[in-house]
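Student: Please take me through one part of this model in detail. I would like a single, connected account.

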4 protein chains.
Amino acid sequence: MLEDLKQEVYEANMQLPKLDLVTFTWGNVSGIDREKGLFVIKPSGVDYDQLKPSDMVVVNLKGEVVEGDMNPSSDTPTHTVLYNAFPNIGGIVHTHSPWAVSFAAAKMDIPAMNTTHADTFFTGVPAADALTKEEIEEDYEGNTGKTIVKTFKERGLDYEATPAALVSQHGPFAWGPTPDKAVYNAKVLEVVAGEDYHTMQLTRANSELPQYLLDKHYYRKHGKNAYYGQNNAKSQEHAARETE
Amino acid sequence: MLEDLKQEVYEANMQLPKLDLVTFTWGNVSGIDREKGLFVIKPSGVDYDQLKPSDMVVVNLKGEVVEGDMNPSSDTPTHTVLYNAFPNIGGIVHTHSPWAVSFAAAKMDIPAMNTTHADTFFTGVPAADALTKEEIEEDYEGNTGKTIVKTFKERGLDYEATPAALVSQHGPFAWGPTPDKAVYNAKVLEVVAGEDYHTMQLTRANSELPQYLLDKHYYRKHGKNAYYGQNNAKSQEHAARETE
Amino acid sequence: MLEDLKQEVYEANMQLPKLDLVTFTWGNVSGIDREKGLFVIKPSGVDYDQLKPSDMVVVNLKGEVVEGDMNPSSDTPTHTVLYNAFPNIGGIVHTHSPWAVSFAAAKMDIPAMNTTHADTFFTGVPAADALTKEEIEEDYEGNTGKTIVKTFKERGLDYEATPAALVSQHGPFAWGPTPDKAVYNAKVLEVVAGEDYHTMQLTRANSELPQYLLDKHYYRKHGKNAYYGQNNAKSQEHAARETE
Amino acid sequence: MLEDLKQEVYEANMQLPKLDLVTFTWGNVSGIDREKGLFVIKPSGVDYDQLKPSDMVVVNLKGEVVEGDMNPSSDTPTHTVLYNAFPNIGGIVHTHSPWAVSFAAAKMDIPAMNTTHADTFFTGVPAADALTKEEIEEDYEGNTGKTIVKTFKERGLDYEATPAALVSQHGPFAWGPTPDKAVYNAKVLEVVAGEDYHTMQLTRANSELPQYLLDKHYYRKHGKNAYYGQNNAKSQEHAARETE
């Protein structure tokens, strides 16, 4: 059942230790088959060097296990909420990567301070509100997803253009059109969090990017006028035009 | 004599360089056989790449060497005090891991600022009082253990729920039900120490976790209602319930 | 066409991940054949572990692709401007190395604070002005090169003695007589950026080097009286003389 | 000529990249044969992965090359001054390790703030005065050694108990009874420099160790009553006594 997706989700999970995004088992990736309404997720608490594609657990959009011998990640309800709220995402990743966690603990956004950020995230990455005592006791992992969704709604953010959030006091969630892209976004988030920290210590002045620079960097990599990489019709034409 | 325990303690010691917790020989792990009242500890000053299981030294609960050709770790008296004072621990580790040392030198607790911390430690990890001149000259290593024990008593801390301490000006000790779990706890301590440092530089405001979030994270991994990982009866049931 | 140069530029590009200067594909190196007026550059968005010498793209000094199946780096117009403005450079490298990016985002120069810096850079490395909204929208990558050139002109800097610049909000460009030397200079820049950050946090006092120490370190490695390394006539003579 | 010493100095040099103490060729180790009055040092500017034992250069105590096809390290005059001034040292190492350089650029001592420091250095490690314009122009590398010697004299420091110094604006020199021990001391210096930096950012209060703790840690590893490691008569006796 969903063997290709299991393989894809397995490989995305295995990227986490390679990219220095996890210590021990502290991270999980899932990927969804939108037609079937089923997603595949890492089992809970299994060491990365023992993980196999067949260990992946299949879950439906109510968060119920449909196939798998092992327990799914304890963060499964968070993934469920995000897949239901953000219909265009194909993969989700949660890590405890240390720079992002440092900002999450400070309840601070990761601001857009450089073009490395702007290449991937169209705005600062928001720190979603910490959960209340009631939200934690009632449905902790589910409400973790809901605080992210609420933050995007309240701030009018586009979840496709800003594909990540911090949960205050906890850590980062990132997503994307595929599990692999979600992991890429999680790595970018960790890199720019470290850079922002150092920029903020160097100067307390406002170092946030102006919107026109965010526009330029984001749109040269994304959308119909993108010209970065090998797969955009505009790319080759652009290289010449720019210096005319 | 205690060959299985020697192997276990040897393997736990060998985790220290793999987890970037030691430079040179600056760390040691011990493990205890509670029935026999004997513990096994790394010899003093031996390089990790030359260490063998048979080098492990057997010591009794008075701190006397019972078997072994080599001198035990110079920190053996500290281990002895902790095994006597904390009857439910099965392993102890001491390192000079740099983030934990940085807090120890500042005589500051490692506060509970994020859920990575709360997953393992139920409270902040205390910085035990620095030893006085008299305590150092009288019985340095023994009193190093005693200042930890005294700090846990004075603050009413549960050594099983907060399985680590800093010794001010010196560095971290961690423990657990087994030598392997003690090493795990030492690594978590090092990771959260680095995160806390950065969170504290980002904001001087109170970033400590509320008790209800500590409760949630600690108890979803520990105790009878735990649902993280593969070995808890509650785990599978939970995943579904949370999203009902 | 330019097979030797392609090989040289390929090898210089492959140094970037080895020297921890890039994450994913975030960097590019080019090298120029001054007689032919053509330069060779990494294709856009290709993974380093899939890169081959034959993937390199040949570009003329108008920024037009002359040979190559792939799109050249999206930063090609910046390289074009620099090759035209700085006639003695043979190679250029752009990275998003994190310490240099942290300074770029703060719009701060990387000051000359230690002799590691002075061995390679004769002055502080300038943060070129951020581009205006108009400059970004008109010709982003071309104007990125122009702001570097303008900054060197305005400050009276010698591009051969200070072979690097930051582009504010973006990141570092470095150059040199060859692609390999350009990469060397980019690594030195990253190392001293990290050191300067820590020096600046330790003391807000002026820690910049005096000119006479910059002179000494720069000129013992560069120019006709250099005596560092194996290729300077002065070297052996010097070692004895200094202690006479 | 001095083949054993060349091998020993070669191996000590090769430890520098393994211990993350050098970037490129920025470091050198020497070792001395006191009976012959000759020392052996790394050649200038040679890559570590191309270095061979036979490349080592033999120099006398006037700083003159006695044997060797290559130029000796450009820091040879500094080594010469230190060997002449400190008669009991057998090896010297110079690196540009980044934490030590950060303190050197700030012209700040590396204070004794934790017992990792006290295990190796009996006092804070001094930042020797920066050279004057005249000292730099007259005999740069020789005066680099002399400022270290002068600082030890003025502060009444024991070069055997505090086997390292920073040269302000430049970087660390460390030494010891053998080249291997000198490298060990250089690594300890780098580790404690990083820890001290973080401790100093955590608290501006005085975090320096009291003398009685320095005494305890230094003397449990050094001198006739040492009991750390396997080679001290006192070691085994001690382990038992401490808990009596």
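**The contact between chains B and D**

Tutor: In this predicted model, a salt bridge links the side chains of E141(B) and R220(D), with N to O at 2.3 Å. The tally for chain B and chain D is two salt bridges.

Which helices of chain B each supply at least two residues to the side that touches chain D? They are α2 (76–85), α3 (98–105), α5 (133–155) and α6 (179–202). Of the elements of chain B, α5(B) gives the most to that side, with seven residues. By class, the side of chain B facing the contact holds 20 nonpolar, 14 polar and eight charged residues.

Now the extent of the contact. Chain B contributes 42 residues and chain D contributes 38 residues. Together the two chains bury about 3500 Å². Carbon and sulfur atoms account for 56% of that area. Three residues stand out on the chain B side: W26(B), N71(B) and Q169(B). They supply 18% of the area that chain B buries against chain D, more than any other three residues.

Next, a helix of chain B, α7, which spans residues 211–221. Its buried residues are L213(B), L214(B), K216(B), H217(B), Y218(B), R220(B) and K221(B). Buried here means under 20% relative accessible area. What covers them? The cover includes α4 (115–118) and α6 of chain B. It also includes α5 (133–155) of chain A. After α7(B) comes G223(B), which has a positive phi, near 90 degrees.

Chain A deserves a look as a whole. Its secondary structure comprises eight helices and eight strands. The C-alpha atoms fill a box of roughly 60 × 40 × 35 Å along the principal axes. Why does the radius of gyration of chain A agree with a compact globule? A compact globule of 244 residues would have a value near 18 Å, and chain A has 18 Å. Burial in chain A comes to 65% of its 244 residues. Contacts in chain A also reach along the sequence: among those between residues at least 6 apart, 64% join residues at least 24 apart.

Back to the starting point. The E141(B)–R220(D) pair is a salt bridge, and the interface it belongs to buries about 3500 Å² between chain B and chain D.

Note on methods
Residues numbered from 1 in each chain as written. Chains lettered and ligands numbered in written order. Predicted model: local features only at pLDDT ≥ 70, side-chain atom pairs only at ≥ 80, totals over all residues. Heavy atoms only, no water. Contact = heavy atoms within 4.5 Å. Buried area = accessible area lost by both parts, 1.4 Å probe. Salt bridge = Lys/Arg side-chain N within 4 Å of Asp/Glu carboxyl O. Helix = DSSP H or I, 4+ residues; strand = E, 2+ residues; numbered from the N terminus. Nonpolar A, V, L, I, M, F, W, Y, C, P; charged D, E, K, R; others polar. Rg over C-alpha atoms; globule rule 2.2 N^0.38 Å. Buried < 20%, exposed > 50% of the residue type's maximum accessible area, 1.4 Å probe, protein only.
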